[in-house]
Amino acid sequence: MEGSEGDVTVSLVNHRVDLPEEPDADLQNEESFQHGDKTSYNNVPEPDLGFESLDYDPIFNLVFENSRKDLQSRQLYGYTGLTLAKWSITILIGILVGLVAYLIEMCQEFLLTRKKELTQRIMVNGLMLSFIGFASFSVLLVLVACCLVLFWAPSAGGGGVTLVMAYLNGTDIPEFFQFKTLVTKIIGSICTISSGLMLGQEGPMVHIGAAIASLMTWIHGALPTRKKTQPSHLRRCCKPWQAKALPFDLYSDKDRREFISAGTAAGLAAAFGAPIGGVLYSLEEASSFWSRKVMWRSLICCTFATMVLALVNSWEFSTSLPGSMSFREVQPVFIVRDLPLFLVTSALTSILGVVINSAHAWLAHMRPSSSYKVLRIIEACFVTLISVTVMFVLPLCFGQCMEVPAQKTPSGTMDRHYWFRYTCPAPNTTAGVHYYNDLATLFFSLPRQNMQELYGMHGDAETEFSIRSLGIHSLSALVLFILAYGIATPGGVFMPAMLVGASFGGFLGRIFQRLLPSAHVQPGLHALVGTAAMLGGFLRASISLVVITVEGFGGVDFILPLIVAIVVSNWVAYHFHDAGAYEADLERIAGVCFLQSEPPRELIAFSAADLMSSNVVCFHEVVTVAEVLKVLQTRRHNGFPVLRHTHSDTSNGGGKFVGLILRHQLLLLLEERAFVEIDPQVLLHTQKYAWENNFSTNMQFLDHAMRIYHHFHYPHHRYLSSRPEALADLGVDEIVGAVNSSNSKPGNVSDDINTTADAPKKVLALDLRPFMNRAPITVRRECSAQRVYIIFRTLGLRHLCVTDSHNKVIGIITRKDIAMAQKQGRLSKDKRFQHW
Ligand code: ATP
Ligand code: MG
């Protein structure tokens with residue numbers, strides 16, 4: 001008679017009990033748990049898996065269904081306000097990203113230009129003095145950025161694109177989108193870029209866009225009042241806001257993912273003034289999940305970001321967008337017969353991209369780890385000093401003094417701050433001749449301005465930039481870039497790579513110009529092709545790069561050479577490395593499991609059974625608090641299958657697979673004291689029979705469950721998750737005390753039930769049925785490993801239960817399991833077909 005245990009009384013108790021005098025040592029020290037230790041299929045010790053995964057797959061539980069119904073009943077003529085809220089937040093993200101991009105660009109421009117002017121002025125008193133001034137200012141800036149990162153917000157270091165990609169792929173990076181990280185990233189990138197290091201702001205802008213987007217999804221959570229019922233010991237660790245005031249939430253990982261994809265796109269769009277390029281970049285590189293909705297959200301976000309940037313900029317300057325790099329007066333003309341030379345430029349430049357990747361990988365092992373903070377600071381200051389020294393010494397030794405071209409005199413249309421005199425003769429005002437050092441100009445100016453000038457190169461080899469200066473600049477910038485790429489300050493790789501590519505392309509153009517005087521080579525075009533080829537070889541991006549370059553430089557006529565450059569560079573680079581810079585970095589970062597879009601070929605011969613962990617720790621639908629605590633204390637797993645005993649079950653641990661409960665849900669239930677008080681005898685029966693009737697009629701319980709459900713998406717529960725402190729923070733002792741005091745004698749509740757005849761009247765239990773995911777995805781053990789990979793990748797899954805032909809859980813696979821399997825080569829060849 002299923003579900004007809006008439007004497008079952010399910011009462012909701014919200015226990016707030018006093019701490020017991022003596023904590024239950026027996027329970028806490030309990031080491032062995034009968035439901036099985038994790039035995040990995042090949043006995044490899046469980047690796048330190050680093051960051052936790054995200055739950056992109058929605059939890060379809062009873063409370064979710066009910067809350068949807070509740071939402072619909074509250075709607076006004078079919079309108080809930082959710083769509084409006086989402087679009088408003090999207091627009092807000094765009095506006096904020098645009099403003100921040102403007103702020104960074106302006107600060108950077110202001111600081112670099114003033115530094116250059118000051119250096120020139122101090123130079124009257126001696127070169128050494130200006131070097132010392134320049135170097136100390138640069139080191140100071142880097143010191144500020146470095147200390148902020150190392151001592152306040154460690155996840156703000158580096159470009160951030162890699163970790164945004166990891167997040168969007170399903171790995172949670174703690175503190176990565178917090179306010180302090182955002183502030184550090186903004187201040188840090190202004191300092192780093194203004195210091196003269198070979199790093200850019202595009203990577204940080206991507207992170208900043210994503211962080212703004214993530215923070216915006218919190219906005220409505222901060223509106224309602226404080227949660228009054230929360231006991232003081234919980235306030236330390238728990239988010240004190242209640243999200244009940246609004247009928248929806250944007251906390252689910254899936255919703256946040258959409259906004260973060262849009263924020264990422266907006267960040268890049270603002271950095272380059274390229275809205276479509278931003279969307280394409282998010283699609284091609286950053287986001288692992290894409291849909292029409294995300295595309296629209298990204299496009300709107302990018303459009304607002306670039307519009308705000310253009311608007312603020314036109315008030316201030318009335319020149320081009322700060323992010324954009326449009327051509328100056330002279331625009332080269334593309335002629336098809338140039339293509340063969342472009343092939344050469346693309347191939348050679350992409351090899352430079354490969355060199356950067358290899359050197360970076362090699363240096364990554366030599367750099368001090370971030371736990372040695374002082375060493376990291378010394379490293380950053382040292383690299384800055386080398387950069388400044390190179391900037392001063394090379395122009396002095398190899399730079400050439402040239403006349404500022406007539407139409408580009410300081411009073412002319414050209415930015416008068418651009419051409420840098422350095423040690424060249426003073427201007428001859430009577431003749432109207434100004435001099436500049438070409439190499440110093442390249443080193444001391446903003447990369448954006450440099451690229452504009454390089455693309456505009458059209459004269460013969462002795463005008464604008466000499467062959468020698470271009471060669472020296474591209475190679476020394478390459479070395480400085482490799483050194484700076486990986487230090488502990490915020491800073492991206494996009495712009496420096498572009499600059500090195502432009503400079504090297506221009507250098508090759510100049511060489512062709514000299515070697516083939518009759519070919520009418522336009523070195524500016526080679527610089528443009530070099531930029532694209534460098535990005536293709538270094539980052540392996542494709543369409544988005546073409547569009548960013550075309551939008552950024554306003555050169556729609558050059559689409560063909562750009563495509564050629566991207567294709568050739570990708571092809572050439574592929575022969576050296578499998579992956580581009582971002583993928584290689586993702587491989588290197590410990591703890592990040594990145595699932596590529598295609599399943600690895602090696603998985604073809606394996607099945608789900610080869611990937612799964614067996615001896616799965618499961619719970620019953622109604623489970624004693626003591627048992628839950630024991631499992632949470634001794635196991636670090638994040639997901640537990642939920643079983644229902646059936647009449648046919650004779651084995652102790654078996655049962656019908658009915659759902660999946662996550663660790664953070666259990667923690668929340670414990671925190672909320674969502675206990676039911678039941679007779680242990682009844683519990684014994686409930687483990688034998690389903691409880692459908694009692695549950696579905698208990699509306700009071702469902703109401704309470706819904707209130708709890710509103711907290712399910714609070715991110716703080718994720719950060720508690722599998723850490724042992726999490727349980728302590730939730731007042732486990734207190735809960736254990738509650739359990740004990742509800743029993744006549746201390747000890748394990750379930751043992752009591754099983755062994756004692758005159759068992760205590762009531763025990764505390766958790767009813768998991770309203771909260772568990774009632775429709776978790778499962779696969780049969782025979783399912784091919786590649787298909788398992790595709791399921792994980794396309795659905796953003798975190799857990800996948802493996803069942804046998806009787807729907808019994810025989811194993812569990814997490815996204816990390818599958819990522820680690822390919823990373824560590826855990827699948828040995830003799831495992832093949834073992835389970836088939
Ligand atoms: P994440 O912590 O990000 O969710 P993970 O792979 O570390 O990913 P955990 O839940 O921490 O997942 O589990 C760690 C290991 O234990 C994995 O290899 C997984 O296959 C296995 N595992 C997960 N859940 C269970 C379970 N309920 N019973 C037995 N083994 C499990
Ligand atoms: Mg884990």
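The secondary structure of the protein comprises 33 helices and 12 strands. The model is predicted, with a mean pLDDT of 76 for the protein. Of its 836 residues, 60% count as buried.

**Confidence**
- A pLDDT of 70 or more is reached by 72% of the residues.
- Residues 221-248 have a pLDDT below 50, and this stretch has 62 contacts in the model beyond near neighbours in sequence.
- The pLDDT is also below 50 over residues 409-414, a stretch with 12 contacts beyond near neighbours in sequence.

**Contacts and surface**
- Counting contacts in the protein between residues at least 6 apart in sequence, 81% join residues at least 24 apart.
- The protein exposes about 33300 Å², and 60% of this area is supplied by carbon and sulfur atoms.

**The sheet β10-β11-β12**
- Three strands form an open sheet in the order β10-β11-β12, and their pairing is mixed.
- The edges are held by β10 (778-780) and β12 (809-814); each has a single partner strand, so one side of each is left without a neighbour in the sheet.
- From one strand to the next, the twist averages 30°.
- Strands of a sheet pair through backbone hydrogen bonds, in either a parallel or an antiparallel manner.
- Strand β11 (residues 799-803) and β12 run antiparallel and are joined by five bridges.
- Thr803 has Val809 in β12 as its bridge partner.

Technical notes. Residues are numbered from 1 along each chain as its sequence is written. Chains are lettered from A and ligands numbered from 1 in the order in which they are written. This is a predicted model: local features need pLDDT of at least 70, side-chain atom pairs count only at pLDDT 80 or more; totals for chains, interfaces and linings use all residues. Side-chain values use heavy atoms; hydrogens and water are left out. pLDDT is the predictor's confidence in each residue, from 0 to 100. Contact means heavy atoms within 4.5 Å. Helices (H or I, at least four residues) and strands (E, at least two) are DSSP runs, numbered from the N terminus. Buried means under 20% relative accessible area, exposed over 50%, partly exposed in between (1.4 Å probe, protein chains only). Accessible areas come from the Shrake-Rupley method with a 1.4 Å probe; for residues, only the protein chains shown count as cover. Two strands pair if DSSP finds at least two bridges between them. Axes are lines fitted to C-alpha atoms, for helices over the stretch in contact, and angles run from 0 to 180 degrees between N-to-C directions.
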